[in-house]
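Hi,

Here is the structure I said I'd pass on.

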Amino acid sequence: SDTRRLRPGLWEEYEAKLEPGQTMASRPDILQELGEVMRPIILEDFETSAAQKEADKKGGIIDATVVEEVKNKDKEAAPPLLDVNDQWKD
């Protein structure tokens, strides 16, 4: 799982919060707490992976510029919801 790969020992730390006989499935509150901890870590890993793929296209150099380009790529692709240049345009 991503937790074990990205933060070794964290899954076990959260399993230790369970009472005997309980599982993560029976304690969604603990699973949700772990998810909230892992969400930014997983997103960062995804962005770094995407940046590495982009860097590979550019000669294998990864830096903050490439990471920012990947983060902003989806934002640039979306068309504007409103055309604010012409208020009377139908």
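Lys17 sits over the face of Tyr14, 4.1 Å from the ring centre; a charge counts as over a ring if NZ of Lys or CZ of Arg is within 6 Å of the ring centre and within 35 degrees of the ring normal.

Before you go further: this is a predicted model, where local features need pLDDT of at least 70 and side-chain atom pairs count only at pLDDT 80 or more, while totals for chains, interfaces and linings use all residues. Residues are numbered from 1 along each chain as its sequence is written, and side-chain values use heavy atoms, with hydrogens and water left out.

Next, Asp2. You'll find Asp2 in helix H1, residues 2-6 (helices are DSSP runs of H or I with at least four residues, numbered from the N terminus). Asp2 counts as partly exposed because its relative accessibility is 33% (buried is under 20% relative accessible area, exposed over 50%, partly exposed in between, with a 1.4 Å probe and protein chains only). Leaving out residues up to four places away in sequence, Asp2 touches Arg7, Met38 and Ile42 (contact means heavy atoms within 4.5 Å). Asp2 and Met38 are 36 residues apart along the chain, yet their C-alpha atoms are separated by 8.4 Å.

Met38 turns up again in helix H3, which bends there by about 40 degrees, with Pro40 following within four residues. That bend is the angle between axes fitted to the seven residues ending at a residue and the seven starting there. The buried residues of H3 include Met38, Leu34 and Ile41.

Cheers

How values were computed
Helices (H or I, at least four residues) and strands (E, at least two) are DSSP runs, numbered from the N terminus.
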